[in-house]
Amino acid sequence: MGDVKVVIPGDAVDTHMEVDGQEGQQQQVLRLGPGLSHVGDAISAVNAGVLHSSSDGTQHWVVSSKRRYVAAEGEPVVGVVVARHGEGYRVDIGSAHDALLPLLAFEGATKRNKPNLAVGTTVYARVSVANSLMDPEIECYNSNTGKSEGFGELSEGFTFKCSLGLARRLFSSKAPVLNALGSKLPFEVAVGLNGRVWINTESPETTVVVANAIKNSEFLDAKQCRQMVNELLEKH
């Protein structure tokens, strides 16, 4: 995306795609993310925030600093198991309703061989079902490949909350603060687009540094992130 465009609820959004009209070319699919709604032939914003688009113009979404998460299909989330029932687990993902995590929604899980998660367990999952008519459903593997691909139980570590806007920036492979930290410290991180971040380091002191650096990075550019990380490391 070029210039920053701020939208408010009701604003019309131009999602025109430049498509090569060559015969036999596969038709491009337009995907709308959080903050946008498609009614009739019009696409409009339903949340206030900054409009983002993918480089090929096939994906559009609105990033805002709100803390209430609205589940969207395909998004990764960090959740906490709050209850167990016959069909699976109820997981708090920070949305208006808890998500359902089926017992078999894990890599290699069968009726005889499936994870046994205790209440309070933190999991990294992917939203598989999200609509206004039912509670969201999540899964701890990629149902297309059958592999976990990083999803599953998050043992040990520390989980904290951040704004939804910061979470989306952290999810990028070019996130300045994560790159700056990664060049200085060994740590594991799982970013949920529901505004929760899980980190695991080799010591409590390092955990404090990583968590503070991530929280402080929300309004900093790449250069400022590197400087801030260096200052935190000097103090510790």
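This is a predicted model: local features need pLDDT of at least 70, side-chain atom pairs count only at pLDDT 80 or more; totals for chains, interfaces and linings use all residues.
**Entry 1: cysteines**

I looked for disulfides and counted zero. To see why, I took two cysteines in turn. For cysteine 140, the closest cysteine sulfur belongs to cysteine 162, and the gap is 20 Å, too far for a bond. For cysteine 225, the closest cysteine sulfur is again in cysteine 162. That distance is 13 Å, which is also too far for a bond. The cut-off I applied is 2.5 Å between the sulfur atoms.

Cysteine 140 has a relative accessibility of 2% and counts as buried. Cysteine 225 is buried as well, with a relative accessible area of 2%.

**Entry 2: aromatic pairs**

I searched the whole structure for aromatic pairs and found two.

I looked up where the partners sit. Tyrosine 124 is in strand β10, residues 122-131. Phenylalanine 151 is in the loop between β11 (134-139) and β12 (152-153). The partners are 27 residues apart in sequence, so the pair ties together separate parts of the chain. Tyrosine 124 and phenylalanine 151 are both buried.

Phenylalanine 158 and phenylalanine 160 also form a pair. The cut-off for stacked is under 30 degrees. I checked the accessibility of each partner. Phenylalanine 158 is partly exposed, at a relative accessible area of 37%, whereas phenylalanine 160 is buried, at 5% relative accessibility.

**Entry 3: threonine 121**

Where does threonine 121 lie? I found threonine 121 in the loop between β9 (99-102) and β10. Its relative accessible area is 12%, and I listed threonine 121 as buried because the cut-off for that is under 20%.

I next asked what the side chain of threonine 121 reaches. The answer is the backbone oxygen of alanine 118, at 2.7 Å.

Last, I listed what threonine 121 touches, leaving out residues up to four places away in sequence. The list reads Gly79, Val80, Val81 and Glu153.

Definitions and conventions:
Residues are numbered from 1 along each chain as its sequence is written. Side-chain values use heavy atoms; hydrogens and water are left out. Buried means under 20% relative accessible area, exposed over 50%, partly exposed in between (1.4 Å probe, protein chains only). Rings of Phe, Tyr and Trp (its six-membered ring) pair if their centres lie within 6.5 Å; planes under 30 degrees apart count as stacked, over 60 as edge-to-face and the rest as tilted. Helices (H or I, at least four residues) and strands (E, at least two) are DSSP runs, numbered from the N terminus. A polar contact is a pair of N or O atoms within 3.5 Å; within protein, one must be able to donate a hydrogen and the other to accept it, and residues adjacent in sequence count only if both atoms are side-chain atoms. Contact means heavy atoms within 4.5 Å.
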